[in-house]
Amino acid sequence: MYIATVALSACGGCENSLLSIGEPLIALLSEHTVSFSSLLVDRHTVSPCDVVLVSGCIRSSEEEEVALEIERTSRKIIAVGTCAVYGGIGGLRKRPEVSSEDDDGALPEIYRDVAPLDSSVAVELYVPGCPPQPHLIMDALKSVLEGYTPLHFDSTVCSDCPRKVARKASKSLQLHPGPGVPGSTCLLNAGVVCLGPVTRGGCRAACTSVGTACTGCRGPSDAILSSQMHAIHADLTGYISRTSGARQDKVEKQLSNILEVLYLFTGKDPVTRSRVKERVPGD
Amino acid sequence: MTELFDVEGSDDLGAQKVRLYPVTRIQGRADIEVHFTADQAVVEARFRGLESRGIESLVEGMPALRAPQVLARTCGTCGGFHQLAACMSIEAACGAEVAPEAQALRELVCWLLLAASHVRTMTYFALPDFALPMSDAAVKNVSGIYMIDQESVTRLTRALASINEALQCLAGNQFLPAVIVPGGVSKLPDETAISKASELLEGCEDDLRETMRLAEMLTRRESRMIETGTPLPGYYMASTSDGRPAIIGDEISAASFNGGEPVALDAQGFIAAVEERPVTWSYIVPLAVRGLEPAMVGPLARLNLGFGEDTPIAALEGGRVSEQWQHPLNNEFFFLIALACEAIWSWEKARNLLERGWDDTSSPCAPFEVVSGEGSAVVDSPRGTLAHVAQIDESGKISAYRIMSPLQFNYLTVNEYLTSVASETVRGIEISDAVAARLQLAVRSFNPCVSCGTH
């Protein structure tokens, strides 16, 4: 089969994760043909392929053109990483205007806003994460090549987190673990704003297991994506209120000063923004 | 793909340019433009960054304590180093002191990230140019090498897997070290993690040494190109401690490729000497260090500054390289051997830190108050020196932020060197596949990351 990779507006972290698969990836590529990948091979044109791994969101006229071209030439598109799936950190806010005036006008136009990949093309499979762990990318690629159902994580980060919910939780919220939270204590219970309860699992709780708050890089959990009854803001507020005993309006007030940290990766995701109970800054 | 264009607005009627797009086996999207006079002489070659994400503007107005997690996404490869520089800048602005144990873990994690990055770069980007220099594009890649020399690729990927697993044990994540937070680290490693990481690193030694021998052999094969090749212009530069390259150094040292003793600047003096030299034709903004331009940062620069006695294996390997060739190493054909040497160096540094004896009962993170102020930090990353400057307002939010990345420091050198290589290799207005490959090799030898360079 023919495989391709394309990076749009991205930091390269998803590509590093792909490359970190190592020998299993190289062996797989040797059995198939890489039809286009400026990362891996020296071919300079987008050519037809069975599956293409696309990282990054759309931030420029060139990226929009590339996205449309791969849709024309590819059978199946896998969106790799949170930028491709939700728009990623680029969606935090509009950026200032950038001049694209070359001597002969050849630089791509940079847009002030980002858009996730599926705003322009039809996506077959989504692999969120910033970056997604290598085994998740490999599983997605193999599932398309071999025709099986890929791994799906409908649980939240809390399901993988080794920390335990305490009976008496802190009523004040902060962004920093301070001198460290004991290894057995839930970060939210210790008063650290952690998005674990509202974020899709599958990352093996990489951040919370070393005492750092989850920032929601794998995007909202299935519960939030599938129902208007749920939302990142509303669910997190409810969770903190229930576990700390603090009144919901007090929790909301504390979170109101730091709203954007709830949407570091999803500020430009149309699904997240469409939830009536969300408070995405800029709305 | 190469395309031919007329250059609009040029004083030279009939001037043309050839565009090579995209540059392959690098991270990010870029092209090379070669500009010609009407009589088909090369005027200039330009490596152009075609993307821009505006990371600095994303953190403006954000709570300073969450900014490092956004700034870590400046670069997929050097993300951990940007995260570290962001934390250090915020700490400097707030006057926070990091405890020695936390500082040691930060460095340990960064050495492992540097080793992992170099092993990846060698495997996928550099090795094809050196192992299969004359091959067709269809096979000049990692799969092509895998088919003819599986063992070499296996050695590299085995080492990468071990380093990544060690990172997972110590930092929670093999790409962006969640453990590095403003004020220190969120958790110190326990005995189990230290012992597992040590075991994993011990298993890498033979693979890294064998890779060094391979790099040496492949570099020797390029002897003729080394003798006749275009020399690098300007200065090589890196963060140093006691005159030796370091991730977190106490000064920045630079020396001329033409020889002479290194000069040193402190971090403040270095940042004050940096000047932007924007160009209209690229989203990468070149940076010049006054009095030291053009400069080159990255693996070759650090290797030229020499490894210290605390890493005897790397120092021995570096010495062998200097004996066989010259000092300073001054062209693109030393790129692979610089990566291989540095992979051993960073592995050895990490191993030394693991063996230092850890006190996991000490506080990993200093409690500190976010106050208004300005702070800066300079660190060396896999791709070279980078600097951050943070301004924090009274409400604890970022009011202004500036990132200076390795490709920006290298950019004047990249284009000057690329122009020299193009002048020597391009004949007429046609660019053959071989010449296109040569131009890309010249760019690749700076280990460019366009995403980081344009941020």
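Chain A is divided into domain 1 (2-146) and domain 2 (157-274), with bounds that come from an automatic or database domain assignment. This is a predicted model, in which local features need pLDDT of at least 70 and side-chain atom pairs count only at pLDDT 80 or more, while totals for chains, interfaces and linings use all residues. Residues are numbered from 1 along each chain as its sequence is written, and chains are lettered from A and ligands numbered from 1 in the order in which they are written.

**Domains**

In chain B, domain 1 is made of 1-50 + 414-455 and domain 2 of 55-365 + 398-413.

| Domain pair | Distance between C-alpha centres |
|---|---|
| Domain 1 and domain 2 of chain A | 29 Å |
| Domain 1 and domain 2 of chain B | 27 Å |

In chain A, 17 residues of domain 1 are in contact with 13 residues of domain 2; two residues are in contact if their C-beta atoms, placed from the backbone, lie within 7 Å. On the domain 1 side of chain A that touches domain 2, helix H4 (82-86) and strand E6 (110-115) of chain A each supply at least two residues. Helices (H or I, at least four residues) and strands (E, at least two) are DSSP runs, numbered from the N terminus. That side of domain 1 of chain A divides into 10 nonpolar, six polar and one charged residue. Here Ala, Val, Leu, Ile, Met, Phe, Trp, Tyr, Cys and Pro count as nonpolar, Asp, Glu, Lys and Arg as charged, and the others, Gly among them, as polar.

In chain B, 28 residues of domain 1 are in contact with 35 residues of domain 2. The elements that give two or more residues to this side of domain 1 of chain B are E4, H14, helix H15 (433-444) and helix H16 (450-454) of chain B. H14(B) gives the most, with seven residues. By class, the domain 1 side of chain B has 11 nonpolar, 10 polar and seven charged residues.

**Sheets of chain B**

An open sheet of four strands has the order E1-E2-E3-E4 (chain B), with antiparallel pairing; two strands pair if DSSP finds at least two bridges between them. Strand E1 (2-6) and strand E4 (42-49) of chain B are the edge strands, each pairing on one side only. On average, neighbouring strands of this sheet are turned by 20 degrees against each other, direction ignored. Axes are lines fitted to C-alpha atoms, for helices over the stretch in contact, and angles run from 0 to 180 degrees between N-to-C directions. Five bridges join E1(B) to strand E2 (residues 16-20) of chain B in the antiparallel sense, and Phe5(B) has Lys17(B) in E2(B) as its bridge partner. Helix H14 (residues 406-425) of chain B lies across strand E3 (30-36) and E4 of chain B, at about 135 degrees to E4(B).

A second open sheet has three strands in the order E14-E15-E16 (chain B), again with antiparallel pairing. Its edge strands are strand E14 (373-381) and strand E16 (398-404) of chain B. Nine bridges pair E14(B) with strand E15 (residues 384-392) of chain B, and Asp380(B) stands opposite Thr385(B) in E15(B). Helix H3 (residues 79-94) of chain B lies across E14 and E15 of chain B, running at about 150 degrees to E14(B). H14(B) lies across E14, E15 and E16 of chain B, at about 125 degrees to E15(B).

**Contact between the chains**

The contact between the chains takes 61 residues from chain A and 65 residues from chain B. On the chain A side, helix H1 (13-19), helix H2 (23-31) and strand E4 (58-60) of chain A give two or more residues. The largest share of this side, six residues, comes from H1(A). The chain A side has 28 nonpolar, 20 polar and 13 charged residues.

Ser52(B) is found in the loop between E4 and helix H1 (55-59) of chain B. Not counting residues up to four places away in sequence, Ser52(B) touches Val98(A), Ile110(A), Tyr283(B) and Thr454(B). Ser52(B) counts as buried because 24 other C-beta atoms lie within 10 Å; a residue is buried if 20 or more other C-beta atoms lie within 10 Å of its own, exposed if 12 or fewer, and partly exposed in between, with C-beta atoms placed from the backbone.
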